Amino acid sequence: GLIADPVTRPCLIGDPLTNPGLDDLENRKQQGREFLTCRRVYSELERESVRETKRRGEREKRVAEIKLEKERERMEVEKSMWNGSGEGRVGSREGRVGRREDNAADTAEMEAERKRREMRRYLTALQHLLKERLFYRYPGLPSLCNCSRTMWEANPDRCANNCVFYKNHKGFARALESLIHSYGKS
């Protein structure tokens with residue numbers, strides 16, 4: 001409303017010249033509104049982030065369950081192959097013989113793969129043992145072949161095809177064992 005001042009003209013209540021505290025009050029109200037708006041926005045963003053994390057966790061859990069189920073199925077199939085009882089029985093004698101030959105070939109292939117894996121693990125373990133025992137005592141230990149710069153990088157799977165150790169895991173293992181015995185005693 002209007003307030004009449006007897007000396008000067010009538011003025012408004014909201015006039016900053018006559019009422020200086022009013023401007024500060026308006027600024028504080030505006031800042032409060034801005035703060036609440038920002039708070040609402042960030043709260044909503046945080047809620048959405050929590051929802052997304054929860055969805056991601058549920059998705060990862062479903063994927064893990066699916067992987068576990070697939071692994072169980074694979075193990076069952078592998079177990080049935082090892083037991084010789086495959087799925088889809090064939091009634092004729094020729095079918096049974098053919099199936100046995102397939103199973104024998106699969107079994108031999110799986111056995112060969114298992115041996116290759118064991119040999120790789122064995123070679124890796126030998127290299128680690130050699131490194132533990134000899135690395136600090138003999139830092140300039142020569143490589144077993146020219147296919148790798150250092151002894152620790154040598155790997156028969158990565159050797160050149162004209163190398164002595166090319167795909168020769170047993171020979172490589174013998175050379176590593178020889179190194180361990182010859183350098184390990186001194």
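These legends describe close-up views of a predicted model.

V41 belongs to helix α1, which covers residues 21–83. The relative accessible area of V41 is 45%, so this residue counts as partly exposed.

**View B. The aromatic pair of F165 and F172.**
The structure holds one aromatic pair. Its two rings belong to F165 and F172, and their centres are 5.4 Å apart. The ring planes stand at 85°, so the pair is edge-to-face. For this label the planes must be over 60 degrees apart. F165 and F172 are both buried.

**View C. The sulfur atoms of C145 and C159.**
For C145, the closest cysteine sulfur is in C159. The distance from the sulfur of C145 is 3.8 Å, which is too far for a bond. A disulfide needs two cysteine sulfur atoms within 2.5 Å. C145 has a relative accessibility of 9% and therefore counts as buried.

**View D. The sulfur atoms of C163 and C147.**
Which cysteine holds the sulfur closest to that of C163? The residue is C147, and the distance is 3.6 Å. This is again too far for a bond. C163 is buried, with a relative accessible area of 15%. Under the 2.5 Å cut-off for a disulfide, the count for the structure is zero.

Note on methods:
Residues numbered from 1 in each chain as written. Predicted model: local features only at pLDDT ≥ 70, side-chain atom pairs only at ≥ 80, totals over all residues. Heavy atoms only, no water. Helix = DSSP H or I, 4+ residues; strand = E, 2+ residues; numbered from the N terminus. Buried < 20%, exposed > 50% of the residue type's maximum accessible area, 1.4 Å probe, protein only. Phe/Tyr/Trp six-rings, centres within 6.5 Å; stacked < 30°, edge-to-face > 60°.
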